[in-house]
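Subject: Structure for you to look through

Dear colleague,

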Amino acid sequence: MTDAIVVEGLVKRYGATTALDGVDLTVAEGSVLGLLGPNGAGKTTVVRILTTLLLADEGRAEVVGLDVVRDADDVRASIGLTGQYAAVDEYLTGFENLEMVGRLYHLPRGEARARAGELLERFDLTDAAGRPAKTYSGGMRRRLDIAASLINRPRVLFLDEPTTGLDPRSRLAMWEFIAELADGGTTILLTTQYLEEADRLADRMVVIDRGRVIARGTGDELKAQVGGQRLEFTLARAVDLVEAGERLRPLAVDQPRSDEQSRRLSLPVRGGTEVLAEALRRLEGSGVEVLDVGLRRPDLDDVFLTLTGHAAEDVPAADETATDPVPAAGGSR
Amino acid sequence: MTTLAMAVSDSLTITRRNLIKVKRVPDLIVFATLSPIMFVLLFRYVFGSAIPVPGGLSYAEFLLPGIFAQTVVFGSTITGASLAEDLQKGLIDRFRSLPMARSAVLVGRTVADLLLNVLTIGVMMITGLLVGWRVNTSVGEAVLGVLLLLTFAYAMSWVMALVGLLVRTPEVVNNASFIVIFPITFIANTFVPIDNFPSVLKTFAEWNPVSAVVQGARELFGNVVPGAPEPQGWALQNPVLYVFIWVAVFLAIFVPLSVRQYRRTAGR
């Protein structure tokens with residue numbers, strides 16, 4: 001399989017700060033790459049360099065075999081970009097926005113219009129097509145923005161935090177649209193700080209932190225890096241944590257973790273449900289009262305915590321902008 | 001498509017987009033003309049009575065060409081503020097990620113603002129006629145007068161385009177540009193004759209391109225007294241030529257600088 005995106009040794013500095021410190025990655029044609037990392041990790045910088053908006057200080061990048069600096073114009077003709085903030089013209093209607101972008105891709109007027117109508121339909125915006133985008137909700141704007149980036153049927157689509165600031169319902173709808181595009185064969189590079197999002201949409205993931213790649217692989221491979229499954233107990237009384245820990249210690253393959261606040265005990269274990277049964281047997285007659293118990297596979301939050309030492313969702317509140325005021329999917333005039 | 005055809009087509013697309021905004025937000029024209037109308041009323045009826053005009057010309061006839069120049073110079077800030085707004089909203093990013101001509105966003109912007117200026121000058125001329133201003137020359141000369149104003153306005157738009165791309169915040173564009181725009185419109189022959197200015201200011205006013213625009217417009221609209229003494233200084237004796245030199249210099253400097261800034265500008 002050929003690679004639609006190739007990035008080698010990308011470095012970008014802003015004065016004394018190093019935004020990217022030697023990033024390498026590849027994205028296979030027709031696949032979805034999730035570029036994962038907390039705020040300020042350098043995700044957007046990577047996207048801006050790949051979409052010809054920014055020049056790297058070192059390294060090189062190719063999109064569909066074209067150099068992003070030398071063949072910038074040809075790259076632009078083959079890609080679609082949806083940035084972090086819905087870049088639609090508020091004074092233009094949904095239809096006018098798409099028609100304008102189509103014309104700027106040099107589609108003939110008739111084709112630009114036909115394509116605009118088609119995409120409005122596909123993104124459930126037909127009812128709102130004649131209204132200025134100013135009147136759209138956050139979710140509708142984001143859909144219009146994605147529709148604009150699809151006008152020219154791009155081979156590679158860049159989605160920079162496509163669901164940041166959307167309400168849960170709009171987020172789900174957006175996930176469905178993205179999954180559909182991926183099924184249609186579009187190569188997608190998606191940045192996100194939501195681990196669930198990457199896990200759900202991406203074939204492969206690259207985790208970056210402070211401008212460096214700290215892990216890469218499929219979701220399962222990343223989880224494997226953190227280790228196997230964990231047995232988690234929630235106890236009725238915090239004082240029982242020590243006793244329970246001692247009794248269960250032989251089952252654990254590594255040091256158990258306990259948390260007094262949540263009265264939780266967590267043990268890395270090997271094996272399946274038989275370990276669970278054995279653990280419960282060992283606590284019988286000890287007087288330890290168990291409220292809840294479960295066998296859990298690590299999720300990407302554990303991956304992040306293990307790899308970076310800080311949680312992924314550990315982001316400044318300033319990022320929580322632009323909530324969706326009216327989830328008016330039906331639209332009205 | 002050839003490169004040139006593409007640049008023209010892209011610029012037209014952007015011009016059209018900018019004009020749709022003018023249509024949807026009529027406040028834009030209202031506010032672009034409201035303050036010059038207030039200046040007309042203020043100077044014509046309040047200060048005007050105390051301002052002696054050489055050769056017995058009516059103050060309304062003296063004033064209006066000045067107002068026209070002031071209107072287009074102030075109006076040029078719209079170019080900068082609009083570009084800063086597009087930058088802030090991420091639209092410039094979108095445009096820069098499209099395979100469109102690198103000059104189109106700026107050409108489309110300045111051309112739309114030029115058309116907006118046609119409209120505002122029209123409104124100001126009607127206002128002028130209502131307060132006693134008259135055109136005393138041929139239609140051809142009057143049209144040339146309007147063209148002189150528009151040409152200068154277009155060059156100023158490109159100056160402000162660079163300011164907008166550098167400053168990036170619409171409000172700051174407005175405030176920053178007034179630091180320059182205020183002195184160049186007021187230390188000039190716009191509202192009062194410059195003969196009695198202190199010597200330094202008088203020299204500034206004589207070589208100020210805005211003075212030349214006003215002088216040129218006065219001559220082309222026939223708002224000068226026949227046989228009145230020539231103004232002092234080469235610039236005001238050859239106002240149209242002098243204005244065109246400024247226009248050429250502005251365009252030669254600011255078109256390439258603005259396009260270069262646009263190419264390297266990163267939003268937010």
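Which domains does the domain assignment give for chain A? Before I come to that, please keep in mind throughout that this is a predicted model. The assignment gives domain 1 as residues 3-224 and domain 2 as residues 228-297 of chain A, and the C-alpha centres of these two domains lie 43 Å apart.

Chain A as a whole

The C-alpha trace of chain A spans about 80 × 50 × 40 Å along its principal axes, and its secondary structure comes to 11 helices and 14 strands. Of the 333 residues in chain A, 44% are buried.

One open sheet of chain A has 4 strands in the order S2-S1-S4-S5, with antiparallel pairing. The edges of this sheet are taken by S2(A) and by strand S5 (66-67) of chain A, and each of them has a single partner strand, so one side of each is left without a neighbour in the sheet. Strand S1 (residues 3-14) and strand S2 (residues 17-28) of chain A run antiparallel and are joined by 9 bridges, with A:Val6 having A:Thr26 as its bridge partner in S2(A). These two strands form a hairpin with 2 residues between them, and A:Gly15 in the turn has a positive phi of about 60°. S1(A) also pairs with strand S4 (residues 58-63) of chain A, in the antiparallel sense and over 5 bridges; here the bridge partner of A:Ile5 in S4(A) is A:Val63. Helix H1 (residues 43-50) of chain A packs on this sheet, where it touches S1, S2 and S4 of chain A, and its direction makes about 115° with that of S1(A).

The sheet of later strands

A further open sheet of 4 strands in chain A has the order S12-S13-S11-S14, and its pairing is antiparallel. Strand S12 (257-259) and strand S14 (290-296) of chain A stand at its edges with a single partner strand each, so one side of each has no neighbour in the sheet. From one strand to the next, the twist averages 15°. Strand S11 (residues 230-235) of chain A runs antiparallel to S14(A) and is joined to it by 6 bridges, and within this pair A:Glu232 stands opposite A:Gly294 in S14(A). Helix H10 (residues 273-283) of chain A packs on the sheet and touches S11 and S14 of chain A, its direction making about 155° with that of S14(A).

Two loop residues of chain A

Two residues deserve a look for their backbone angles. A:His106, in the loop between H3 and helix H4 (109-122) of chain A, has a phi near 65°, which is a positive value in a residue other than glycine. A:Arg210, in the loop between strand S9 (204-209) and strand S10 (212-217) of chain A, has a positive phi of about 50° although it is not a glycine. With 16 other C-beta atoms within 10 Å, A:Arg210 is partly exposed.

Where the chains meet

In the contact between the two chains, 23 residues of chain A touch 20 residues of chain B. Helix H2 (72-78) and helix H3 (94-104) of chain A are the elements that give two or more residues to the side of chain A that touches chain B, and H3(A) gives the most, with 5 residues. By class, that side of chain A has 13 nonpolar, 4 polar and 6 charged residues.

Points in chain B

Helix H7 (residues 139-167) of chain B has 29 residues, which at 1.5 Å a residue should span 42 Å, and the 41 Å between its end C-alpha atoms agrees with this. Just after H7(B), B:Arg168 takes a positive phi of about 70°. B:Leu236 lies in helix H11 (residues 234-237) of chain B and counts as buried because it has 21 C-beta neighbours inside 10 Å. Neighbours within four places in sequence aside, B:Leu236 is in contact with B:Glu206, B:Ser211, B:Ala212, B:Gln215 and B:Pro231.

With best wishes

Conventions:
Residues numbered from 1 in each chain as written. Chains lettered and ligands numbered in written order. Predicted model: local features only at pLDDT ≥ 70, side-chain atom pairs only at ≥ 80, totals over all residues. Contact = placed C-beta atoms within 7 Å. Nonpolar A, V, L, I, M, F, W, Y, C, P; charged D, E, K, R; others polar. Expected span 1.5 Å × (residues − 1). Pairing = 2+ DSSP bridges. Axes fitted to C-alpha atoms, helices over the stretch in contact; angles between N-to-C directions. Domains from an automatic or database assignment. Buried ≥ 20, exposed ≤ 12 C-beta atoms within 10 Å, placed from the backbone.
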